[in-house]
Amino acid sequence: MNGTTFGAPATIAISAFASDADGSVTQVNFYANAALVGADASSPFTATLPGAAAGAYSLRAVAFDNRGVSVTSAVVSVVVNQPGVFDDFEPGIDLSQWST
C-alpha cells in the first residue's frame, strides 16, 4: 500500500496482478527505485526486497507479454525507518491495481 512504513532492516514482499486479453504475460520485473530486485515468469507475480535499509523506496512493476509489449505499474512509495522509529508493519506491497 502506498505510504506504508517498515522498520530497518526490512524485508518487503511485492506482488502484482497482470493479465493480457489477447495473449499471455511472460514476465514481470520488479524495481525498487531504479534497481531490479526480482523477476517472476508465472502468476502470482511476486518478488522480495530483502534487508532494505532506512530510506524512501519507489516500487514499480513492469509486465511483458508474449509479443514483447510492456506496461509499467503506478509507483508505490514506501519508507523504511531506522530501528526504534514508529513503524506500521505491513506484510507486503500489492501492485494489483493495474493489468496489461
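**Figure 1. Arg67 and Asp22 at the surface of the predicted model.** Both Arg67 and Asp22 are exposed. The model shown here and in the other views is predicted. A salt bridge joins Arg67 to Asp22, with 3.1 Å between the closest N and O atoms. The two partners come from distant parts of the chain, 45 residues apart. Arg67 sits in the loop between β6 (55-65) and β7 (70-72), whereas Asp22 sits in the loop between β2 and β3.

Figure 2. The search of the whole structure gives 2 salt bridges. Besides the bridge to Asp22, Arg67 forms a salt bridge with Asp65, at 3.9 Å from N to O. Asp65 counts as buried because its relative accessibility is 8%, under the 20% limit. Arg67 counts as exposed because its relative accessibility is 56%, over the 50% limit. Through shared partners, the salt bridges connect Asp22, Asp65 and Arg67 in one network.

**Figure 3. Arg60 and the ring of Tyr31.** Arg60 is placed over the face of Tyr31. The distance to the ring centre is 4.3 Å. As for pairs between aromatic rings, the count for the structure is 0.

Figure 4. Ala8 and Pro9 are joined by a cis peptide bond, with omega near -10°. Pro9 belongs to the loop that runs between β1 (5-7) and β2 (10-16).

Figure 5. Pro44 lies in the loop between β4 (35-40) and β5 (45-52).

**Figure 6. Asn33, a residue with positive phi.** Asn33 is a residue other than glycine, yet its phi is positive, near 55°. The loop between β3 (25-32) and β4 holds Asn33. With a relative accessible area of 38%, Asn33 is partly exposed, as this value falls between the limits of 20% and 50%.

**Figure 7. The chain as the setting for the close-up views.** The chain has 9 strands and 0 helices, so that its elements read β-β-β-β-β-β-β-β-β from the N terminus on. Of the 100 residues in the chain, 38% are buried. Among contacts with a separation of 6 or more, 66% are between residues 24 or more positions apart. The accessible surface of the chain is about 5,200 Å². Carbon and sulfur atoms contribute 56% of this surface.

How values were computed:
Residues numbered from 1 in each chain as written. Predicted model: local features only at pLDDT ≥ 70, side-chain atom pairs only at ≥ 80, totals over all residues. Heavy atoms only, no water. Helix = DSSP H or I, 4+ residues; strand = E, 2+ residues; numbered from the N terminus. Buried < 20%, exposed > 50% of the residue type's maximum accessible area, 1.4 Å probe, protein only. Contact = heavy atoms within 4.5 Å. Areas by Shrake-Rupley, 256 points an atom, 1.4 Å probe, with all protein chains shown as cover. Phe/Tyr/Trp six-rings, centres within 6.5 Å; stacked < 30°, edge-to-face > 60°. Lys NZ or Arg CZ within 6 Å of the ring centre and 35° of its normal. Salt bridge = Lys/Arg side-chain N within 4 Å of Asp/Glu carboxyl O.
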